[in-house]
Amino acid sequence: MIPSPHRKGAQKLTRLSLLVAFGLTLYTVENLIPLPLGRVGLANLATLLALLTFGGWEAFLVMGMRIFLGSFLFGGPLNPASLLSLAGGVASTSVMTLLLPLYPRVFSIVGISIGGALAHNLAQILAAWLLLGRAAGIFGLLPLIPLISLGGGLIVGLLGWLIISRLPGLEWQNHG
Amino acid sequence: MTKPLTIGDKILIGLLVFGSLSAFLLPHRGPGEWVLIEADGKPLGRFPLKGEENISAQGPLGIHHIRISGGKVWVVDSPCPHKLCVKMGKKGRAGEVIVCVPNRVIVRVEGKRDFDSITP
């Protein structure tokens, strides 16, 4: 019989690995769907679940692993597309982690998700601007940001809410 | 279990709805006149939006196929991994842009007046 602290560690490792795999699946599926306004950010659902069930550090771990592994599916880790994903991932996970203390009083999962989506999209525009040698034309995409962030954040947030509320055992750590 | 929408959520959603509406309603975007294409940091040219044109733009990953037809411009095919530029669809209003970061291609639609920044 494995001693209990080790079992808990193994359980955490398993759950985090599953979340990485879940995120990768969503990331791949989303890239296969032809959506006119870019992407919904479905993979952020895995980061969001990691954040709510474990915490900020684990959310960064799940996001980082997902983007690192996902980069091999789409162009490699140093491809500009992967750098854009990383910029968006770091920004959204940072903002969602900062919003976490306000959960569930001020912001629900939906609010945290929308905040993350907004940070993700703004960071990607900024990263694209830097990667393209500061071409001002990029900022023509700015008017799309509120709508894309709202749409993507709502979809991911509501899915997260459905999952968390149907699997209350998931909320076993900080926010029981 | 928490409720789906708290007060903070509603404020955030309200702000973004307002932002979306103002972005699309207030600065009225007139019809575009010109298509400006930039590839790998260099201006490739200015093409009339009213015309018919197939343009090949060379980026670091390969050739971008861009088409202008019926007052719209769009990316037909691209060598980039996510094909977001293809998914962005057809653009025809002044100020609209299609950006492909991996292949360093920017397509901008401009209106009558703004002959600015990246004139070749």
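Guide: Two strands are taken to pair if DSSP finds at least two bridges between them, the strands (E, at least two residues) and helices (H or I, at least four) being DSSP runs that are numbered from the N terminus. The model discussed here is predicted, and local features need pLDDT of at least 70, side-chain atom pairs count only at pLDDT 80 or more, and totals for chains, interfaces and linings use all residues. Residues are numbered from 1 along each chain as its sequence is written, while chains are lettered from A and ligands numbered from 1 in the order in which they are written.

Visitor: How do you know that E3(B) and E4(B) are paired, and in which sense do they run?

Guide: DSSP has to find at least two bridges, and 6 bridges join strand E3 to strand E4 (residues 63-69) of chain B, which run antiparallel; the two strands therefore count as a pair. Within E4(B), His64(B) stands opposite Ala57(B). The hairpin of E3(B) and E4(B) has 4 residues between the strands, and Gly62(B) takes a positive phi near 150 degrees in it.

Visitor: What makes E4(B) and E5(B) a pair?

Guide: They share 5 bridges in the antiparallel sense, which meets the requirement, so they too are paired. Ile66(B) has Val75(B) in E5(B) as its bridge partner, and in their hairpin, with 2 residues between the strands, Gly70(B) takes a positive phi near 60 degrees.

Visitor: Why are E3(B) and E5(B) said to stand at the edges?

Guide: The open sheet has 3 strands, in the order E3-E4-E5 of chain B. Strand E3 (53-58) and strand E5 (72-77) each have a single partner strand, so one side of each is left without a neighbour in the sheet. Neighbouring strands of this sheet are turned by 25 degrees against each other on average, direction ignored. E4(B) itself has a covered face of His64(B), Ile66(B) and Ile68(B), and an uncovered face of Ile63(B), His65(B), Arg67(B) and Ser69(B).

Visitor: Why is helix H2 of chain A called largely enclosed?

Guide: In helix H2 (residues 44-53) of chain A, 10 of the 10 residues are buried, so the rest of the structure largely encloses it. These residues pack against helix H1 (4-32), helix H3 (56-71), H4, H5 and H6 of chain A, and just after H2(A), Gly55(A) takes a positive phi of about 150 degrees. In chain B, buried residues make up 35% of the 120 residues.

Visitor: Which residues of chain B is Val107(B) in contact with?

Guide: Contact requires C-beta atoms, placed from the backbone, within 7 Å. Leaving aside neighbours within four places in sequence, Val107(B) is in contact with Val35(B), Ile37(B), Ile66(B), Val73(B), Val97(B) and Ile98(B).

Visitor: How many residues does each chain bring to the contact between chains A and B?

Guide: Chain A brings 39 residues and chain B 35 residues. Helix H4 (80-99), helix H5 (109-131) and helix H6 (145-166) of chain A each supply at least two residues of the side of chain A that touches chain B. That side divides into 26 nonpolar, 12 polar and 1 charged residues, where Ala, Val, Leu, Ile, Met, Phe, Trp, Tyr, Cys and Pro count as nonpolar, Asp, Glu, Lys and Arg as charged, and the others, Gly among them, as polar.

Methods:
Contact = placed C-beta atoms within 7 Å. Buried ≥ 20, exposed ≤ 12 C-beta atoms within 10 Å, placed from the backbone. Axes fitted to C-alpha atoms, helices over the stretch in contact; angles between N-to-C directions.
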